[in-house]
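Q: Can we go through this one together? I'd like to start with the packing.

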Amino acid sequence: MQYKFLPTLVALLLTTVCFSQPKGKLFIIGGGSRPDAMIARLIKESGIDKGGYGIVLPMSSATQDSSVYYANEKFIAQGFTLKGVFFTKPAQVNKQKTDSVRNAKLIYITGGDQVRFMGIVGGTPVEAAILEAYRNGATIAGTSAGAAVMSKIMITGNQLKHPDYESTFSSIEEKNLETSRGLGLLENVIVDQHFLARSRHNRLITAVIEFDNVMGVGIDESTAILVVGKDAEVIGDAQVIVLTNPTQSRRSVNGILGAKDLRMTVYLPGDHFALPK
């Protein structure tokens with residue numbers, strides 16, 4: 001099957017998600033362990049306990065079979081098994097895989113490398129199916145890299161000025177943070193993961209200074225946010241840090257960034273906060 005008009009379709013679906021409120025939910029996990037209560041809540045929110053099915057998209061991982069196995073462990077312990085949907089390049093996408101994604105009640109995106117995920121899934125019928133499923137009521141969940149891909153502006157994890165990978169940025173510099181296109185399920189929000197465990201404050205501070213009108217949401221390990229409409233609820237064991245730059249302040253001197261009156265809030269499990277409109 002040829003997908004000649006797919007880029008136009010994906011763009012149309014992105015526009016639809018952005019400008020009309022989807023019926024689905026997002027369950028965004030900051031990585032690390034997944035408490036049993038968190039998975040129970042995800043099962044309940046998705047509705048697979050009442051029927052339908054869930055799938056795992058392991059394209060962030062270089063070892064997709066293992067990724068699906070480990071993703072399923074916590075679900076199997078609670079009596080549910082998610083189906084793995086496998087492909088390693090866009091050419092392997094077919095109607096069966098696309099329909100499996102489109103009709104799922106729960107779509108779970110594993111950890112690994114968010115750039116790898118978008119390189120395999122981006123621009124394919126599977127990406128369009130994820131957006132359609134979300135619009136129609138599915139729950140889209142992801143952990144670690146699977147959390148990063150939720151944003152329209154996606155942090156890749158790389159530094160442009162310091163190419164040797166470090167999980168923690170040692171500075172707040174202009175033109176250093178590398179970003180690329182994510183799925184765009186969240187508009188005007190940039191998600192960062194493993195946030196407190198890996199001290200990722202500097203790169204999220206950089207993001208809210210360099211990008212206008214964005215909210216930076218740093219989710220710690222064993223912690224998630226449940227997004228319903230524009231409401232986000234903190235679930236799990238640790239905190240979620242929200243950073244904003246309400247005055248769009250930005251200065252730079254010799255390549256280092258400054259800003260005045262940034263706002264930071266530390267949310268605890270059970271707290272709710274509003275996402276940008």
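A: First, a term: contact means heavy atoms within 4.5 Å. Helices (H or I, at least four residues) and strands (E, at least two) are DSSP runs, numbered from the N terminus. The model is predicted, so local features need pLDDT of at least 70, side-chain atom pairs count only at pLDDT 80 or more, and totals for chains, interfaces and linings use all residues. Residues are numbered from 1 along each chain as its sequence is written, and side-chain values use heavy atoms, with hydrogens and water left out.

Q: OK, what do the buried residues of α2 pack against?

A: They pack against β1 (25–29), α3, β4 (106–109), β5 (139–143), β10 (223–228) and β11 (231–236). Buried means under 20% relative accessible area, exposed over 50%, partly exposed in between (1.4 Å probe, protein chains only).

Q: Which residues of α2 are buried?

A: In helix α2 (residues 36–46) they are Met-38, Ile-39, Leu-42, Ile-43, Glu-45 and Ser-46.

Q: And what follows α2?

A: Gly-47, with a positive phi near 85°.

Q: Different topic. How many residues are in the largest nonpolar core?

A: It has 46 residues, and those with the most contacts inside it are Ile-28, Leu-57, Phe-117, Ile-140 and Phe-273. A nonpolar core is a set of buried Ala, Val, Leu, Ile, Met, Phe, Trp, Tyr and Cys residues joined through side-chain atoms within 4.5 Å.

Q: Which helix gives the most to this core?

A: Helix α6 (residues 125–136), with six residues.

Q: What lies apart from it?

A: Another core, of 18 residues, among them Met-38, Ile-43, Val-56 and Tyr-108.
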